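User: Can you walk me through the pockets in this model? I may jump to other spots as we go.

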Amino acid sequence: MRRTRILGALGAVATLALVAGCASGTSDDATASEDATIFIGSLYEPTNLSNTQGGGQGVTEALTGNVYEGLYRLTDDGEVEPLLAEDAQVSDDGLTYTITLRDGVTFHSGDPLTSADVKSSVEAVTAEDSVSARKSSFKTITDIATPDDKTVVFTLSQRSISFLYNLSYVWIVNDEAGDITSTEDGTGPYTLDEWKKGSTLTLQRWDDYWGEPAKNGEVVYTYFTDATAENNALLTGEIDVITSVQNPDSLTQFDSDDYVVSEGTSTTKELLAFNDRVAPFDNTLVRKAVYSAIDTKKLLESIWGDYGTLIGSMVPPTDPWYEDLTSVNPYDVELSKDLLAQAGYADGFTFTLDTPSYDPHPAVAEFLQSQLAEVGITVEINTISADEWYTKVFKEQDFEATLQEHVNDRDVVWYGNPDFYWGYNDADVQQWVAQAEQAATTDEQTALLKQVNEKIAADAASVWLYLYPQIVVASSDLSGYPVNGLNSQFFAYDIVKS
């Protein structure tokens, strides 16, 4: 069922509401319907329903915290708090974590949560066929013991200061579940009702949920391949909220008391990612020349207007080890040409840019093509789907350069993994990342990861074009929706409609 409603005149004089933090809209909880259906618009449909088999950004947005839960929960402001874990004891040497599970938790199938489910869920992330971005984070695990149904003991080969944080990314799945690329068996406040690929994904409130029940009866994620169509769906009442607006020019359409526009904080970075294994991008001078040929300020303004933030490394301002490194690779056409000459490419070169087909990547690719032509570099744009990107770029690493948004916080550590798709390989960075993870204090960890920031920026390991803004637009009769874009999570259970 889709709802429609009559909207007020969009041309009426009104103030565009910009709010930070958790949006409240104008709804009154006392009159909100507990059985309401919430229609959520998104450009990020899952490719499958697993977060270890390449489900993509959309699977995180729809299922994390809603259908599946972890031992720990990463809150909307980046804090780690217990969820399915009741308690954790850490040995003095930091090598043993004994976690006690919460009582009374059952899966949607009715099976009780046990330590065996936790063990199998972590092992699914670390399995050989897993493509989880967090797979390497758990390479220090040497043993997972289950002395009883309520206790899990992790033994590590070395300290891991981020261990509990990393566990917040692991969905706890019933170890007797079937193919979770198309079905689910989680512990969250919603069950999966129906997934119509290419159209919608529907979640139903689960009445036997162990915690506080969802404040709405049903959530329908409606998927769009075009941002204009998504905006029109909100204007016509087909959806209630857009999780992330992709074009700030469209915001004038919502300059009405019928809508609330919220700007939160984001961890999503737009990258021009080189394949650092292949010529000419195996040459640091070439990478720096490309970086200095791009006017990132002009790019950000052309794509996002007054929104968004320039960054000089993989680290957003919300990470503890953030530094402003935007001056390391300045926009300077003459510097770019000089660096190219030093690298042996005075006459430039040609490369193929594999570009995801969805917004804003095509526009970014055309901007880069124009800018790099000024220094003699020819960019051949190869537009590919999200599925093709995953296979060609991420899995097979068959590319020269690509565009991609990276949504996670604290993901600078991936530059310490030479096997990651971009292939950056620096011994110092690998050592600093390893030492940071083994740090005894957060101050030590922060100091080491700042060194990583500085080195990857100096090497132009990638071009960090900008940090996305996080703009959520919702009908004014909605409240309780998240507005911060942390790791693409979108917790739906507090959303109410008046």
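This is a predicted model: local features need pLDDT of at least 70, side-chain atom pairs count only at pLDDT 80 or more; totals for chains, interfaces and linings use all residues.

User: What volume does the largest pocket have?

Analyst: About 1400 Å³. On a 1 Å grid over the protein atoms alone, a pocket is an open set of points with protein on both sides within 12 Å along at least five of seven lines; a cavity is a set where a 1.4 Å probe fits but cannot get out. A volume is the space filled by probe spheres set on the points, and grid points are joined across faces, edges and corners.

User: Which residues lie nearest the centre of the largest pocket?

Analyst: Gly54, Gly55, Gly56, Gln57 and Gly58, out of 49 lining residues. Lining means having an atom within 4 Å of a point.

User: Which elements give two or more residues to that lining?

Analyst: Helix H1 (57-63), helix H9 (386-395) and strand S17 (401-406). H9 gives the most, with five residues. Helices (H or I, at least four residues) and strands (E, at least two) are DSSP runs, numbered from the N terminus.

User: And how does the lining of the largest pocket divide by class?

Analyst: There are 23 nonpolar, 20 polar and six charged residues. Ala, Val, Leu, Ile, Met, Phe, Trp, Tyr, Cys and Pro count as nonpolar, Asp, Glu, Lys and Arg as charged, and the others, Gly among them, as polar.

User: How much space lies in the second largest pocket?

Analyst: About 420 Å³. It has 22 lining residues, and Ser136, Ser137, Val413, Val433 and Glu437 are the closest to its centre. Helix H3 (163-167), helix H10 (427-437) and helix H11 (442-458) each give two or more residues to this lining. H10 has the largest share, four residues. By class, this lining has eight nonpolar, 10 polar and four charged residues.

User: What about the second largest cavity?

Analyst: Its volume is about 80 Å³. Of its 13 lining residues, Thr64, Gly65, Gly70, Tyr72 and Ser168 are closest to the centre.

User: Change of topic. Is Thr114 buried or exposed?

Analyst: Thr114 counts as buried because its relative accessibility is 16%. Buried means under 20% relative accessible area, exposed over 50%, and partly exposed in between (1.4 Å probe, protein chains only). Thr114 sits in the loop between strand S6 (96-101) and helix H2 (115-126).

User: What does Thr114 touch?

Analyst: Leu101 and Asp149, leaving out residues up to four places away in sequence. Contact means heavy atoms within 4.5 Å.

User: Last one. At what angle do H6 and H8 pack?

Analyst: Helix H6 (residues 296-304) and helix H8 (residues 361-373) pack at about 145°, with axes 11 Å apart. Axes are lines fitted to C-alpha atoms, for helices over the stretch in contact, and angles run from 0 to 180 degrees between N-to-C directions.

User: Which residues make that contact?

Analyst: Lys298, Leu299, Ser302 and Ile303 of H6, with Ala363, Val364 and Phe367 of H8. By class, that is five nonpolar, one polar and one charged.

Notes. Residues are numbered from 1 along each chain as its sequence is written. Side-chain values use heavy atoms; hydrogens and water are left out.
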